[in-house]
Amino acid sequence: MLEITTEALVLDREPSGEYNSRVFLYTEKLGGVVARATSLRKLTSKMAAHLEPLTFSRVRLIQKEDAANFQIADALAFDRCAAWRESEEYLREGLRLISILKEGGFREDADGALWETLSNFFRNPPVAPLSGYGVKLISALGFDHRRALCGLCGTGRPKIFSVKQLAFYCQGCVEAYNYLS
């Protein structure tokens, strides 16, 4: 049995059964992890508040030798990213940024530079323009927009990044093929 205690940014959580949840985390030591949280949806759950999206928590993860997934044994929130929750605009952008990690499927690939980028983003108050955060996150993930080519026509300087396809596209291709819908 493997037991790891690490800091994690909670990306999302989804119902799994009547009371359990699947929690999507980006951890300092393991990278992206999907973990099971037993009884998280019960009214008496003590961990629910510590595993809210856009929260930094210290989590203890357990993995049995024959299992591929992790179980959350306990969690303690230490930074709720309060400055990002002050306005609807900041909260919406923060949730959009963490959804890039979840939707992109970055699993079990620890990246110190990415962890530092996320820590710097969310442990400090947001700074305008908020659109710059997305560009920095995409770059930290290894997708350099300055050298990118359109995934369909190959032209330089595309304007749109698709998280689902993990590719850049020019405005003309997106409009012509309605590719991102």
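## A salt bridge at R13

R13 and E52 pair through their side chains in a salt bridge, with N and O 3.0 Å apart. R13 sits in strand β1, while E52 belongs to the loop between β3 (31-37) and β4, so this pair ties together parts that are 39 residues apart in sequence. R13 is partly exposed, at 25% relative accessible area. E52 is partly exposed too, at 31%. The model is predicted, and every value here is computed from it.

Side chains of opposite charge can pair when their charged atoms come close.

## Overall layout

The chain holds four helices and seven strands. Their order along the sequence is β-β-β-β-β-α-α-α-β-β-α. Along its principal axes, the C-alpha trace spans about 50 × 40 × 30 Å.

The chain has 181 residues, and 43% of them count as buried. Take the contacts with a separation of 6 or more: residues 24 or more positions apart account for 53% of these. The accessible surface is about 10,100 Å². Carbon and sulfur atoms own 50% of that surface.

## Charge and the other salt bridges

There are 23 positive and 22 negative side chains in the chain. The centres of the two sets lie 2 Å apart. Across the whole structure, a search finds eleven salt bridges.

One of them joins R60 to E3, with the closest N and O atoms 3.3 Å apart. What does this pair tie together? R60 is in strand β4 (residues 55-63) and E3 is in strand β1, so the bridge links parts that are 57 residues apart in sequence. R60 counts as partly exposed, at 25% relative accessibility. E3 also counts as partly exposed, at 48%.

R92 and E88 form another salt bridge, with an N to O distance of 2.6 Å. This pair lies within one element. R92 and E88 are four residues apart in helix α1, which means about one helical turn separates them. E88 counts as exposed, because its relative accessibility is 59% and the cut-off for exposed is over 50%. Salt bridges with shared partners also join E3, R60 and D74 into one network.

## The largest nonpolar core

The largest nonpolar core has 27 residues. Which members touch the most other members? They are L9, W84, L97, L118, F122 and L137. At least two residues of this core come from each of β1 (2-16), β2 (20-27), α1 (88-104), α2 (112-122) and α3 (131-140). Helix α2 gives the most, with five residues.

L137 shows some of the packing. Leaving out residues up to four places away in sequence, L137 touches L97, I100, L114, L118 and F121. I100 lies in helix α1. I100 is buried, with a relative accessible area of 6%. I100 and L137 are 37 residues apart in sequence, yet their C-alpha atoms are 8.6 Å apart in space.

Strand β3 contains A35. Is A35 buried or exposed? A35 is buried, with a relative accessible area of 1%; the cut-off for buried is under 20%. Not counting residues up to four places away in sequence, A35 touches S21, R22, V23, L61, F70 and I72. A35 and L25 are ten residues apart in sequence and 7.7 Å apart in space, C-alpha to C-alpha.

## Recap

R13 reaches E52, 39 residues away in sequence. E3 reaches R60, 57 residues away in sequence. Inside, a core of 27 residues draws on strands β1 and β2 and on helices α1, α2 and α3.

How values were computed
Residues are numbered from 1 along each chain as its sequence is written. This is a predicted model: local features need pLDDT of at least 70, side-chain atom pairs count only at pLDDT 80 or more; totals for chains, interfaces and linings use all residues. Side-chain values use heavy atoms; hydrogens and water are left out. Buried means under 20% relative accessible area, exposed over 50%, partly exposed in between (1.4 Å probe, protein chains only). Contact means heavy atoms within 4.5 Å. Accessible areas come from the Shrake-Rupley method with a 1.4 Å probe; for residues, only the protein chains shown count as cover. Lys and Arg count as positive and Asp and Glu as negative; His and the chain ends are not counted. The place of a charge is taken as NZ of Lys, CZ of Arg, CG of Asp or CD of Glu. A nonpolar core is a set of buried Ala, Val, Leu, Ile, Met, Phe, Trp, Tyr and Cys residues joined through side-chain atoms within 4.5 Å. A salt bridge is a side-chain nitrogen of Lys or Arg within 4 Å of a carboxyl oxygen of Asp or Glu.
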